[in-house]
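I am keeping these notes while I look through one structure, starting with a ligand and then moving to the helices and the loops between them.

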Amino acid sequence: MKPIERLLLLLVAAAALVGLAMTFTSGATSEHDVLAETAADAAGPGLDPALATALAASMEQLFGGYKQPKLPEGGMPGVTSEQELRSGRSGYAVKCTQCHGVTGAADTGTAALLKPRPRSFRLGKIKFTSTAAGQPPVLADLERVIRDGVPTTSMAGFPTLPENARRELAGYAQYLLMRGATELAALERIEAGGLAAEQMSAVVAEEYAAVRAAWAAAVPADPPIPETPRGDAAHARAEELFAESACLSCHGADGSGKGPVAYAGGKWLLRDEWGDEARPRAFSEGRWFGGSAPEDLYRRIAFGVKGTPMPPLAGALAPEEIWALVHYVQDFAKEGQR
Ligand code: HEC
Ligand code: HEC
């Protein structure tokens, strides 16, 4: 098993045990006690039970429980108070939990029936951001997806919610993402070996500080030059690039999304980091998942779709070439509508 796959299994186990803990909290036993008791069971033979218990306790110490989340020490970029975090959590419980799950693991019965599957926040990343490749999203990216949803999927937008309610929901989604990223990093440290249970809370605090620094440093990356005009020369160049830069091998010469690398024998061949089918966008439909403004499409081609095989091309192509490709993919949809 690849190390990342193992970590994912451990994450699922860790999420399951917290979920389990929540169902017990109504009784006399505290969330904390149940966490400690079940950590060892849930981790199974893969993870040292003492370390698993220490990890669960350290995570809870820093982030609180999922019922009573805490603003972690050092704060969280974009979330101004614990009050705000908790009201985001209340909104999340009503509007998001059925698909994204209490812990953000998207492990609910509803989620299992949906295609594409709701995003699990436990890997600490989302697909569509305004930030450069390798950077976490900014709060505005989460607000955008909550407002507009993801077209053609079950992720409907919430355009009529007041703006501050959307910001609180975005803040809570960010909390779940950062919490997942921290836990994943701590599990990687455990996997690397040599840790004692007593060190766990320091390790979790250290990993959170690194996650927080990365999120605080993330900024929207705007196209370096304004949109260039369309023209025959630019179109011809884009056509060449579409073949040379392998767009064609995934998206297909006809823009159907069924290029030879992506689709063969009636099957979709690519996977994303969440383990789900990654279907290259069918340009002819003209439905863009990450926003349909020209700048959004520029960012998709320059920075890729995070966690998926859609590669970032900013290093390989000049800005005017990327603009030419933006127009080129937009034109597939225009042709489709004729
Ligand atoms: C009916 C199910 C459903 C509900 C309810 C739902 N979502 Fe989603 N959500 C999805 C699906 C499905 C996707 C994945 C779409 C994709 O693969 O592109 C998703 C994706 C996301 C993403 C990630 C987008 C990306 O760029 O990867 C965020 C953030 C998100 N949802 C937040 C929320 C929040 C916050 C709520 C509640 C206000 C919510 N969702 C309610 C199904 C749902
Ligand atoms: C290795 C396969 C692969 C290659 C090469 C590739 N793509 Fe993609 N592309 C994808 C996949 C998969 C998605 C959908 C990701 C998702 O939403 O899960 C995608 C999505 C997109 C989107 C849609 C963004 C949105 O918001 O809906 C655009 C635009 C795009 N690709 C353009 C290009 C261009 C232009 C090239 C060449 C420079 C290219 N792609 C090369 C696989 C690829």
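**Entry: what I am reading.** I note that this is a predicted model, in which local features need pLDDT of at least 70 and side-chain atom pairs count only at pLDDT 80 or more, while totals for chains, interfaces and linings use all residues. Residues are numbered from 1 along each chain as its sequence is written, and chains are lettered from A and ligands numbered from 1 in the order in which they are written.

**Entry: around ligand 1.** I did the corresponding search for ligand 1, which is surrounded by 23 residues, the closest being Cys96, Cys99, Ile126, Lys127 and Met155. Two or more residues of this shell come from each of α5 (97-100), α7 (139-148) and α8. By class, I read 16 nonpolar, four polar and three charged residues around ligand 1.

**Entry: the chain as a whole.** I find 13 helices and two strands in the chain, where helices (H or I, at least four residues) and strands (E, at least two) are DSSP runs, numbered from the N terminus. Of the 338 residues in the chain, 38% are buried; buried means that 20 or more other C-beta atoms lie within 10 Å of a residue's own, exposed means 12 or fewer, and partly exposed is in between, with C-beta atoms placed from the backbone. Among contacts between residues at least 6 apart in sequence, 63% join residues at least 24 apart, a contact being two residues whose C-beta atoms, placed from the backbone, lie within 7 Å.

**Entry: helix α8 and its partners.** How do α3 and α8 pack? Helix α3 (residues 49-63) and helix α8 (residues 163-192) make an angle of about 150 degrees, with their axes 11 Å apart. That makes α3 roughly antiparallel to α8. I wrote down the cut-offs: angles under 35 degrees count as roughly parallel, over 145 as roughly antiparallel, 65 to 115 as roughly perpendicular and the rest as oblique. Axes are lines fitted to C-alpha atoms, for helices over the stretch in contact, and angles run from 0 to 180 degrees between N-to-C directions. In α3, Leu51, Leu55, Met59 and Phe63 meet Arg179, Glu183, Ala186 and Ile190 of α8, and these residues divide into six nonpolar, no polar and two charged.

Next I took α8 with helix α9 (residues 200-217), whose axes come within 9 Å and cross at roughly 130 degrees. That makes α8 oblique to α9. From α8 the contact includes Met178, Ala181 and Ala186, and from α9 it includes Val203, Tyr208 and Trp215. By class, this contact has 10 nonpolar, one polar and two charged residues.

Entry: In α7, I find Asp141, Leu142, Arg144, Val145 and Ile146 buried, and the buried residues of α7 pack against α8. Gly149 follows α7 and has a positive phi, near 70 degrees. Val150 is in the loop between α7 and α8, and is partly exposed, with 19 other C-beta atoms within 10 Å. Leaving aside neighbours within four places in sequence, Val150 is in contact with Val145, Met155 and Phe289. The C-alpha atoms of Val150 and Trp288 are separated by 8.2 Å, although these residues are 138 apart along the chain.

**Entry: backbone details.** Where is Thr152? Thr152 lies in the loop between α7 and α8, and has a phi near 70 degrees, a positive value in a residue other than glycine. I also noted a cis peptide bond that joins Lys115 and Pro116, with omega about -5 degrees; Pro116 is in the loop between α6 (109-113) and α7.

Notes
Nonpolar A, V, L, I, M, F, W, Y, C, P; charged D, E, K, R; others polar. Near = placed C-beta within 6 Å.
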